[in-house]
Amino acid sequence: MSVIQVCGLTPLKGEISIQGSKNAVLPMMAAALLHRGVMVLTNVPVIRDVTCMLDILESLGCRCCRSGDCLVMDA
């Protein structure tokens, strides 16, 4: 386990990007079928599970468009 030790009396500031998780995105993709209109997910990981889920959703009539880590779905 890594440790970050901060010494000083000034407050920390900044931003970090969190990597997308298949365990989070797959249920949201399935939920797109229950949503009327367009659903946009960002930070979607490029993995085989997500690609398979896209194929399943498209076979059920959902229009899907992927651009980088962004996924647009219209059920």
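Predicted model: local features only at pLDDT ≥ 70, side-chain atom pairs only at ≥ 80, totals over all residues.
Cys52 takes part in no disulfide, and the nearest cysteine sulfur, that of Cys64, lies 13 Å away. A disulfide requires a pair of cysteine sulfur atoms within 2.5 Å. The structure as a whole holds 0 disulfides.

Cys52 has a relative accessibility of 40% and therefore counts as partly exposed.

## Nonpolar core

The largest nonpolar core comprises 14 residues. Met29, Leu41, Leu57, Leu71 and Met73 are those with the most contacts inside this core. At least two core residues come from each of α1, β1 (38-41), α2 (48-59) and β3 (70-74). Helix α2 gives the most, with 4 residues. In soluble globular proteins, nonpolar side chains tend to be buried together.

Leu41 illustrates the contacts made by one of these residues. When residues up to four places away in sequence are not counted, Leu41 touches Val25, Met28, Met29, Asp69, Cys70, Leu71 and Met73. Among these partners, Met29, Leu71 and Met73 also belong to the residues with the most contacts inside the core.

## Helix α1 and Ala24

Helix α1 spans residues 22-31 and includes Ala24. With a relative accessibility of 37%, Ala24 counts as partly exposed, because this class lies between the limits of 20% and 50%.

Ala24 and Cys64 are separated by 40 residues in sequence. In space, the C-alpha to C-alpha separation of Ala24 and Cys64 is 18 Å.

Definitions and conventions: Residues numbered from 1 in each chain as written. Heavy atoms only, no water. Buried < 20%, exposed > 50% of the residue type's maximum accessible area, 1.4 Å probe, protein only. Core = buried A, V, L, I, M, F, W, Y, C linked by side-chain atoms within 4.5 Å. Contact = heavy atoms within 4.5 Å.
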